[in-house]
Amino acid sequence: STNDTECRRCRVVIVKSAGLHAWARRLVHAGRLAAGTAPEYVQQRLLPPPPPAEEFQQQGDGPAVGGGEEGITRSRSSEESYLPPVIVAAVGVDEYRRAAPFAVRPGDAVLEVGCHLGKTTALLHDMATRPDGHDGGGGGGCLGIDIGPRIVNGARKRYPHVPFHVADAWRTGDLLRLRERFLPGPRRWGYDVVYVDVGGLSGSDGLLEAASLLTALGNALEPRCIVIK
């Protein structure tokens with residue numbers, strides 16, 4: 001009977017997995033960022049860096065560190081690169097783009113996987129290159145990639161000031177080489193923020209594929225934050 005069928009439906013699946021548990025703890029909905037209700041750990045990771053007075057520490061009588069003539073070095077947590085990224089899940093293109101002010105800082109090296117027409121990539125590029133209020137310029141940028149050459153060529157025509165390239169998101173070694181080519185800067189490794197908009201991950205196995213892709217991008221590129229639509 002219909003009632004018997006409904007009774008036999010699985011109501012919940014319990015999985016014993018430390019990996020999935022840790023992954024889920026870093027996942028936050030984009031709407032919670034805008035509402036200010038994201039977990040404290042997420043807010044701490046996405047807060048902007050302190051002003052230059054706190055960013056730089058004067059070295060004592062010793063030699064200058066980092067080659068600077070004034071004997072200063074940027075005060076930055078040595079563990080930041082090794083922390084797993086915060087994962088922001090967005091529903092729809094509006095939420096996807098509205099997460100940018102919380103994820104992208106001036107000077108960031110940003111990657112968008114699945115750039116399509118290039119509009120979001122251009123938005124992220126402008127945010128990463130905007131003045132930061134301290135030294136007059138952000139110095140960062142956003143690289144948009146897609147597997148379709150025609151799509152990439154169209155994005156280049158629409159936004160000639162933004163870098164676009166044909167690439168496969170699963171080939172993380174290529175993504176690292178592209179950063180060195182298109183977004184050279186003081187960051188020695190990977191990207192600060194990765195945006196992911198891949199329609200092919202919405203199929204029957206999309207959740208598992210998305211988790212695999214985000215894990216691969218997080219481990220290889222070591223971003224502070226990954227935003228996925």
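Author: Let us begin with V28, which in this predicted model has its place in strand β1, residues 27–29.

Reader: What is V28 in contact with, once its neighbours within four places in sequence are left aside?

Author: Taking contact to mean heavy atoms within 4.5 Å, V28 is in contact with A38, P39, V42, V86, I87, V88 and A89. Of these, I87 lies 59 residues away from V28 along the chain, and the C-alpha atoms of V28 and I87 are separated by 6.3 Å.

Reader: Which residues of helix α8 are buried, and what covers them?

Author: In α8, residues 119–129, the buried residues are T120, T121, A122, L124, H125, M127 and A128. Their cover includes helices α6 and α7 together with strands β5, β6, β7 and β8.

Reader: How many aromatic pairs does a search of the whole structure find?

Author: The search finds 1 aromatic pair.

Reader: What makes Y96 and Y195 an edge-to-face pair?

Author: Their ring centres are 4.8 Å apart, and rings pair if their centres lie within 6.5 Å; their planes stand at 65°, and over 60 degrees counts as edge-to-face, so the pair is given that name. Both Y96 and Y195 are buried.

Reader: Why is this pair said to tie parts of the chain together?

Author: Y96 lies in helix α6 and Y195 in strand β8, so the pair joins parts that are 99 residues apart in sequence.

Key: Residues are numbered from 1 along each chain as its sequence is written. This is a predicted model: local features need pLDDT of at least 70, side-chain atom pairs count only at pLDDT 80 or more; totals for chains, interfaces and linings use all residues. Side-chain values use heavy atoms; hydrogens and water are left out. Helices (H or I, at least four residues) and strands (E, at least two) are DSSP runs, numbered from the N terminus. Buried means under 20% relative accessible area, exposed over 50%, partly exposed in between (1.4 Å probe, protein chains only). Rings of Phe, Tyr and Trp (its six-membered ring) pair if their centres lie within 6.5 Å; planes under 30 degrees apart count as stacked, over 60 as edge-to-face and the rest as tilted.
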